[in-house]
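Here is a tutorial dialogue on reading a structure. Keep the coordinates open as you go.

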Amino acid sequence: MEAKETRSKHASLNASRNDRALVESMFGIVESLSAAAVSGYDQAMAYGFSRFGIEHLLYGMCSIPAFNQALKGAGGSPEIMKRELLQGFREHRLASGPAKEQPDISPEIYEIGGMLSLEQDRNPLSSESERFEVSLGYILRQIECSALSEEAIHASGGSRILTMLANEGLSFATAESIEDVFGPDDLPQSFLPPENQDHEATPPWDRPDFTPDEIDLSSGIPAGRPEARANAAKSTQKSDAAQKLRDAVLAALRNIGDEVKAGRIDPVIGREEEIDRIILCLQRRRKGGVLISGDAGIGKTAIAEGVALRLKSGEYGALGERPFYEVSMPALMAGTRYRGDFEEKVNALIEMAREEKAILFIDEIHLMMGSGSANPGMDAGNMFKPALARGELTIIGATTTPELRILRRDAAVMRRFELLHVREPNAEETRKILDRAAASYLDFHGVDMIPGVTSLICKITDTYQPEKRFPDKAFDLLDLACVMARDTAEARLGQRVRLRPTHVEMAADISNIRRPRLPDAATSRRLAEIAPILGATVFGQSRAIEEISGRAMEAAFGLSERGAAMGLLLAGPKGSGRKEVARGFARHMRLHLLELDGALIGFRDMSEMLVEELEIHPDLLIHLSNIDQVSPETQATLAEMMRNGYLRLADGRTSSCRGMVFFASIDHDGNSEGGGFGFRTGAEERVGEWLRRKLQPALVEMLDPPILFNRPGRESIAAAIQAATRRLEDRLSGMNVRIHLTPDMVAEMAGQGENAELALERASRRILEAVTRRIAGRAPVPGITITLD
């Protein structure tokens, strides 16, 4: 009973838990097969299998030249079979996780080992090739016990090996064609155990000591049994799901390494120091992650692409051969409808990166904090931590400085990265970058460039776009200038044009980059008409209106030295017409008007509102009343906004203020200073001193000297009432109604209060009510004159 003795010997050896040595001894009659079996056992252990089965042995045999030759002779591909087996191993680890102990030996392997032991006793003088041929026959007989092995052989195209090898042995591998050796299906006697061998009639899966629930998902009982068919169906479903999962992960990746090889990545200029430092970090044994931090537009993504370019240059050996992927976190989250979907994707990504030793670049890496789960303990950041800590993952992340605060909340994540803060290059450095990198833009647009264009681009963007960052803003202007050059008549005729400063100026105009220049004819005409237009609606403030008109011209011609935005301070008593002046100025100059009350609005609300309005309306007039009641923080923000020409919030959002006009008004009649000021000598100095006590010094410095409004007299109020009456007549012109106010009525209305705005509002309401009563109930007749006395 040699088979029983062999199994008993194997069982006793298995009890010692030295299964790897046992596997080596079981296949020791063939040296190459013994090494393949040990390699397969190591794969089973690495991928968390509880049993060493046929599929692992088949994976190890892919390294045996004789087996590869046999498979190719059957029309199969060893590379495809090995890839399919490896894919099945990965799916098993994703589904089952790591095994707690080393794998046991499956009954099929024991069966093969027993047969090989008997064969050695029967033919001790057989050659190495003869023993391998017999061993291969025994192994292929057990293929049906492993669904994964069957799938791998079929996928490789070598399924005929299961019959051809049984008929012809290894000799068919040298035949000219498969048809020359294809014969009957009966196996030769040399592939079967001897007839006089007293082996167990009961198959291993029916033994009392065998439990089917211990079988791995990828190997199991033979395909002919119902349980095998059910397991095969489950395995197929699991394989399809794993393939869909892998496809979803691949859809979220961009292979930067392949794009480098295809020449689709532009050279990175001026960032050699940062690239060198990142590559040094990538070569560390642990903590190989790098976190690139910097403002938006300074070239963080370009630095990562520069690292890929350098690695693929062939200078860094094995490091340069590693795959280089860009991970899109939004794409990775797409389609994750149920709890656990996102975690599956992240685990698959980690597994793939670990197996391929890939370098991952994650732009906007702060998105992984809290992504995929409402519970912060189960987000992508925490799933990456263990692999990062063990040095199994190499990640290059990029984020902006404000968003870096999100990552800093988790100190465990931050300590696994080397922080690299990238500074913005200055104008001269950017010019050098443009000189070397402009060729790709010029070739794309089909234009040439004359000397000095890059200097002009850097000057314009540096001076008049402080809210944006180099080198991004310079490349944007260069790209648009090339478009403007290509859109000329010469280019449309097929001639190659040259990029000139005029094209840069045109591109700056289209980009709404505000810079000092002579206004066009329409704007010049409107500037000249400010005083008469405002004087027709606001009476008794001719001197103040003249000052506003003059300062508006200075700002339009770029002659103001106080700041990038025009800022006027209007001081006067209530009802002096400052609000009407701001409204009339905005209407006439075609500016969008935003009216704010400093006594009612807070710092956060004002900042949010200003950024939103400036993004929508670059030509904006802000009238802020009661500026003395605005918080010091808001005053400091306003001063910085007018000084720098842009407004930046804490979250990183910026808006240009170069097209903005700022009117600030403050109520002051001089009573606290010992009398009204009007336009008496020294009034401006007294008001200025009072303002310096009320406002922040930085804001006072940015505002022009205060423009003083007089307290309106009765004559001014009467003139305003007459103007309001004429406007009402214009509204009623379709009904041919005329309104006549007697001098006594005008005098009475003008004397109803010292506040001109309130007096005018009361008068307008009284006139409108009187007109409504006179018209209501009368028969329509052409031409109605309503006299109020």
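## Strands, helices and cores

Strand S7 has all of its listed residues buried on both faces: Thr394, Ile396 and Ala398 point one way, and Ile395, Gly397 and Thr399 point the other.

Q: Before we go on, what kind of model is this?
A: The model is predicted. Residue numbers run from 1 along the chain.

Q: How many helices and strands does the chain have?
A: There are 36 helices and 19 strands. The chain has 789 residues, and 47% of them count as buried.

Q: What share of the contacts joins residues at least 24 apart in sequence?
A: Take the contacts between residues at least 6 apart in sequence. Of these, 74% join residues at least 24 apart. As for surface, the chain exposes about 38300 Å². Carbon and sulfur atoms supply 50% of that area.

Q: Back to S7. How many of its residues are buried?
A: Six of its six residues, so the strand counts as mostly covered. Neighbours in the sheet are next. S6 (359-363) joins S7 through five bridges, and the two run parallel. In that pairing, Phe361 stands opposite Ile396. Strand S4 (residues 289-293) also runs parallel to S7, with four bridges. There, Leu291 stands opposite Gly397.

Q: Which elements do the buried residues of helix H18 pack against?
A: Start with the general idea. An α-helix has 3.6 residues a turn, so residues three or four places apart point the same way. Now the case. H18 spans residues 380-389, and seven of its 10 residues are buried. They are Ala380, Gly381, Met383, Phe384, Lys385, Ala387 and Leu388. These buried residues pack against strands S6, S7 and S8 (417-421). They also pack against helices H16 (329-333), H17 (341-356) and H20 (411-414).

Q: What follows H18?
A: Gly391 follows, with a positive phi near 75 degrees.

Q: Which residues other than glycine have a positive phi?
A: Most residues other than glycine have a negative phi, and most peptide bonds are trans. Glu364 lies in the loop between S6 and H18. Asn626 is another, with phi near 55 degrees. Asn626 sits in the loop between S13 and helix H31 (632-644).

Q: Are these two residues buried or partly exposed?
A: Glu364 has a relative accessible area of 32%, so it is partly exposed. Asn626 has 15%, so it is buried. The cut-off for buried is under 20%.

Q: What does Asn626 touch?
A: Leave out residues up to four places away in sequence. Asn626 then touches Asp597, Gly598, Ala599, Ser665 and Asp667. With Asp597 there is a polar contact of 2.8 Å between the side chains.

Q: Where is the cis peptide bond?
A: A cis peptide bond joins Phe470 and Pro471, with omega about 0 degrees. Pro471 is in the loop between helix H22 (453-464) and helix H23 (472-486).

Q: In what order do the strands of the five-stranded open sheet run?
A: The order is S12-S13-S16-S11-S17, and the pairing is parallel. The edge strands are S12 (592-597) and S17 (707-708), and each pairs on one side only. S12 joins S13 (residues 620-625) through six bridges.

Q: Which residues have the most contacts inside the largest nonpolar core?
A: In soluble globular proteins, nonpolar side chains tend to be buried together. Here the largest nonpolar core has 46 residues. Those with the most contacts inside it are Phe27, Met61, Phe67 and Met81. Helices giving two or more residues include H2 (19-26), H5 (65-73) and H9 (147-156). H8 gives the most, with six residues.

Q: Which residues is Met61 in contact with?
A: Set aside neighbours within four places in sequence. Met61 is in contact with Leu33, Ala36, Phe67, Asn68, Leu136 and Ile139.

Q: How many disulfides does the structure hold?
A: A disulfide is a covalent bond between the sulfur atoms of two cysteines. This structure holds zero. As for individual cysteines, Cys281 counts as buried because its relative accessibility is 7%. Cys482 also counts as buried, at 0%.

Note on methods
Predicted model: local features only at pLDDT ≥ 70, side-chain atom pairs only at ≥ 80, totals over all residues. Heavy atoms only, no water. Pairing = 2+ DSSP bridges. Disulfide = S-S within 2.5 Å. Buried < 20%, exposed > 50% of the residue type's maximum accessible area, 1.4 Å probe, protein only. Contact = heavy atoms within 4.5 Å. Core = buried A, V, L, I, M, F, W, Y, C linked by side-chain atoms within 4.5 Å. Polar contact = N/O pair within 3.5 Å; in protein donor to acceptor, adjacent residues only side chain to side chain. Areas by Shrake-Rupley, 256 points an atom, 1.4 Å probe, with all protein chains shown as cover.
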